Amino acid sequence: MTPRKHIAPGAVVWLLLGAAYFVIPLAATLIFSLRSNQTGTCCTLENYGEILHDPQFSKTIKTSFILSLETIVVTLLLLVPTVYWVHLRLPRLRPVLGFIALVPFVVPAIILVVGLLDIYKGTPSWFYAEPYGFLVGAYVILAFPYMYFSLDAGFRAIDVHTLTEASQSLGARWTTTLVRVIVPNIKASALAGSFLTLAIVMGEFTIASLAVFDTFPIYIQYINQNKAYPASAVTLLSFAITWAAMLALLAVGRGRRAPAAAGAH
Amino acid sequence: MAGVELRQLHRRFGDVVALDGIDLEIESGEFVSFLGPSGCGKTTALRLVAGFDRPTSGRVFVEGKDITDVPPNRRDVGMVFQAYSLFPNMTAVKNVEFGLRVRKHARGSRKARALELLELVGLGHAADRYPHQLSGGMQQRVALARALAIEPRLLLLDEPLSALDAKVRIQLREEIRRIQTRLGITSIYVTHDQEEALSISDRVAVLSHGRIEQIGTPSEIYGAPATPFVAEFVGTMNRIESTVADPDDGRVTYDQTSLAVDAVRGRPRGERVLVLVRPEIVEVEAAGTAQNGLVGEVVSQTFLGSVTRLRVLAGPTEWTADLSAARAAALPIGARVSLRFPSAGAKVLSLEGEEPPEPSDG
């Protein structure tokens, strides 16, 4: 006889409370978004239609999405080899990197953006005047702690030394070792860092606003100020799109089915 | 030409001397073990041969070629690690193929070769399993196949069995030796387990404090330890501090008792010596019949399966003797017994100019 699985009533209450915390605002937003912008009555999809037909919507969401991908790629290219090397050869630098990674949390966005505008002044206009240049520079700094701590955890979960030495003894060079052996085994943590980066960049408002770039959060803010009901629709749409993007990233990152952390004893 | 030659290898880590001048020649096709306690330098020596570390001074030669400055990926040296080192993202066959893939072998030929090697280690049926689907012993077999796939000039094994349970360990070490003999590949095996080293090696190098204390065949190491350390480390040994009493007749004095030890013949009278006697040659009888006249009291009995180990306090030393269970049954704890050993069976090391070694606990 298999033992019955009991769920304590207290746990159910907390579970429901937790679910309510997430679901109620979404449900309220959904109901609100279905009201007519003209009459205020329920229920119509006209707000969604309006948003989806607004060229500004597709333009800004595309901008933010490309910014996210660019930030993810740059951050991964910078951090994966760095964290690998620190774990392999310079473990004493780990606390230093951990400290540096905390800096973006304590520096207010306004100070960051003023500093960056000053530092990047004089750089070519394709960088300074374009979101894909300047904003990515800023977002890489914002994403640094999220990506760093994710990767650091991933590298701690594998035996970096033994895997590297095994690969080298079989004739592999550094690049082969990194690409074929190390990266596939820290993929889960790299994906986690990428999700966080995606979420941050898709929702980043302050820097984009202060640097006067037209990104998706700027668009949401604009709609919020001017159209109450479509604002709810755009909020839900952004929520859905971000989730879809994360799922897409997951699908791309996983690729063929491979086991996650194993062999790291 | 020697398969491997280590010439005056030194390695320091700050003030710590890990290797203090290792000189060693290993013949082609020979299986040599580095045996010693933790921190004796055996793994450091192996890592210098593999190229993962550089010597402070000294040179490493493989098949006559100086490889001291060659990076590890160009040394053609296969290695099996202590920790499970299979790539977790690859199946067993992909792991074995890895070295061939790096060497740009054609896909078909490398897969055939990998499967052949998995068959050799008895894992042809597990080719498509991921490392986490394999037991520890199976993982080490795959690691061995992977190291052999590149047809290395030299095979290094760094305590490959230490994480496995006893039965698998014995089975796998025999298999390693079988495969090594079949392929005729020069091998260096690092272990702290003397039984392992003695059972599979052509020669054993016993290391202590970064130096080779003795190198010889397993029977030489076991039967004729060259230093007190080797005597202490390899096997269980009774270590009897005595004084040479009669060099002509071959007798020593131990605790006011005269014992016959052939090996002290010709040594200076009065020399302090360590008489080494293996437990299996010590005979124990109920008191009263011993020719050597050494009498003591049984203080413990330990059943070890094939033999029963008796501890007998006779003089200042606790002696160890291995008896059949039937004979041991007649000598209970507390019994007065006499001890003797064949006078030709004991080895002798000089203690002159040395601090007396710590007493052995077996």
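In this predicted model, 24 residues of chain B are in contact with 20 residues of chain A, where contact means that the C-beta atoms of two residues, placed from the backbone, lie within 7 Å. Local features need pLDDT of at least 70 and side-chain atom pairs count only at pLDDT 80 or more, while totals for chains, interfaces and linings use all residues. Residues are numbered from 1 along each chain as its sequence is written, and chains are lettered from A and ligands numbered from 1 in the order in which they are written.

**Chain B overall**

- Chain B has nine helices and 20 strands, and its C-alpha atoms fill a box of roughly 75 × 45 × 35 Å along the principal axes.
- Of its 362 residues, 45% count as buried, that is, with 20 or more other C-beta atoms within 10 Å of their own, the C-beta atoms being placed from the backbone.
- For contacts in chain B between residues at least 6 apart in sequence, 65% join residues at least 24 apart.

**Domains of chain B**

- The domain assignment, automatic or from a database, gives domain 1 (2-230) and domain 2 (236-350) in chain B.
- The C-alpha centres of domain 1 and domain 2 of chain B are 39 Å apart, and the contact takes four residues from each of these domains.
- On the side of domain 1 of chain B that touches domain 2, three residues are nonpolar, one is polar and none is charged.

**A five-stranded sheet in chain B**

- An open sheet of chain B runs in the order β15-β19-β16-β17-β18 with antiparallel pairing; two strands pair if DSSP finds at least two bridges between them.
- β15 (283-286) and β18 (317-323) of chain B are at the edges with a single partner strand each, so one side of each has no neighbour in the sheet.
- Neighbouring strands of this sheet are turned by 45° against each other on average, direction ignored, using axes fitted as lines to C-alpha atoms.
- β15 and β19 (residues 336-340) of chain B pair in the antiparallel sense over four bridges, and B:Val284 has B:Leu339 of β19 as its bridge partner.

Conventions
Nonpolar A, V, L, I, M, F, W, Y, C, P; charged D, E, K, R; others polar. Helix = DSSP H or I, 4+ residues; strand = E, 2+ residues; numbered from the N terminus. Buried ≥ 20, exposed ≤ 12 C-beta atoms within 10 Å, placed from the backbone. Axes fitted to C-alpha atoms, helices over the stretch in contact; angles between N-to-C directions.
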